[in-house]
Amino acid sequence: MSGLGLVLHPTRDVTEVVGIIERWAKRHHKTLMVREQDQHRVSSCIVPVPEHEVATRADALISVGGDGTMLGALRSAVLDPKPVLGVHLGRVGFLVEIEPPDLPDALSRLLSKDFTIESHACLACDVCGDDVVAFNDIALVRQPGSGFVNVTLAIDGQQYGYYRCDAVVVSTPIGSTAYSYAAGGPLISPAADSMVITPSAPMAGISRSVVLSPDEKIRLELEPDSSPVVVEMDGLVFRDPATEGAVGINYRPNAGLVVRFDPLRYQERNQLKMTLLDLPFLPEQLRELLPEELRRTRKEIPPPC
């Protein structure tokens, strides 16, 4: 392994974590790269390169942030998948495994190839003629105050039904814990190759989630009476409000490679997070539920959410 690409959270302070990576790289004589737009956020020892070259020139990527940053790193390498190591700076992360104190050991294990790869699928989408990929979900969302999303659903070219709702969310298995879950959709095992379509606040038409096989092709087409619709990709706005057009969606397996050091521990931690998501408590309130001896050592216990 000769070079590592850094993918940084767009707004959070990443100085401490980047410093850990930089010191490790110096000891092991490894090159670090970052996109040119982030050059001012790192030291001069890190090589700035054009955004589209970070993934192609690196042997592996290090995502410093939360799940959103991790998804961006995966999207950047979708044409030539590279292992992506996630370093946690977010709140509730389901993709990111490593905490900053564990980073030096994780980098050494990455160097010695002492890890496993968790393969992730993406949604390859044709949005009105533009190609885009989403690792969590793609959503057609109404413009606030202007009515409902009215779209028809076709599967493998056959009309299936229609939606009249606030949003239509199509997600991968890992995306089933995100927008789709918040809209009432089911949790899909990461081991299952499938897609799930979930309407948010349905008023008419299909009112429940639909789970499809990876071989089926989805087409969502706006009806003439639809309100202006925004297209979101992994939570980011990809297309501004429009009242006409269609989105074609295909499932693409093995599109992203995530580095895992302890898959069982990672799975157990995410199971705990899922149970906490439904509790109406703030992190500090949850700490008060702990025994007194654990509360005294709360600095050693990461916030549950």
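Analyst: Here is a chat about those labels. This is a predicted model, in which local features need pLDDT of at least 70, side-chain atom pairs count only at pLDDT 80 or more, and totals for chains, interfaces and linings use all residues. Residues are numbered from 1 along each chain as its sequence is written, and side-chain values use heavy atoms, with hydrogens and water left out.

User: Why is serine 63 called buried?

Analyst: Buried means under 20% relative accessible area, exposed means over 50%, and partly exposed is in between (1.4 Å probe, protein chains only). Serine 63 has a relative accessible area of 0%, so it counts as buried. You'll find serine 63 in strand E4, residues 60-65. Buried residues make up 45% of the 305 residues in the protein.

User: Why is helix H3 described as largely enclosed?

Analyst: Seven of the ten residues of H3 (residues 67-76) are buried, so the rest of the structure largely encloses this helix. The buried ones are Asp67, Thr69, Met70, Leu71, Ala73, Leu74 and Arg75.

User: What makes lysine 82 and aspartate 80 a salt bridge?

Analyst: A salt bridge is a side-chain nitrogen of Lys or Arg within 4 Å of a carboxyl oxygen of Asp or Glu. For lysine 82 and aspartate 80, the closest N and O atoms are 3.7 Å apart, and the pair forms a salt bridge. As for cover, lysine 82 counts as buried because its relative accessibility is 12%, while aspartate 80, at 38%, counts as partly exposed.

User: How do you know that aspartate 166 and arginine 142 form a salt bridge too?

Analyst: Their side chains meet at 3.1 Å, N to O. This pair links distant parts of the chain, 24 residues apart: aspartate 166 is in the loop between strand E10 (158-165) and strand E11 (167-171), and arginine 142 is in strand E8 (residues 137-142). Aspartate 166 is partly exposed because its relative accessibility is 24%, and arginine 142 is partly exposed at 25%.

User: How many salt bridges does the count come to?

Analyst: Twelve, by this rule. Among the linked residues, Arg35, Asp38, Arg41 and Glu51 are joined in a network of salt bridges.

User: How do you know that strand E5 pairs with strand E18?

Analyst: Two strands pair if DSSP finds at least two bridges between them. E5 (residues 83-88) and E18 (residues 246-260) are joined by two bridges and run parallel, so by that definition they pair.

User: Which way does strand E6 run relative to E18, parallel or antiparallel?

Analyst: Antiparallel: E6 (residues 116-127) is joined to E18 by eleven bridges, with alanine 124 standing opposite asparagine 250. Strand E15 (residues 218-222) also pairs with E18 in the antiparallel sense, over four bridges, and there leucine 220 stands opposite valine 247.
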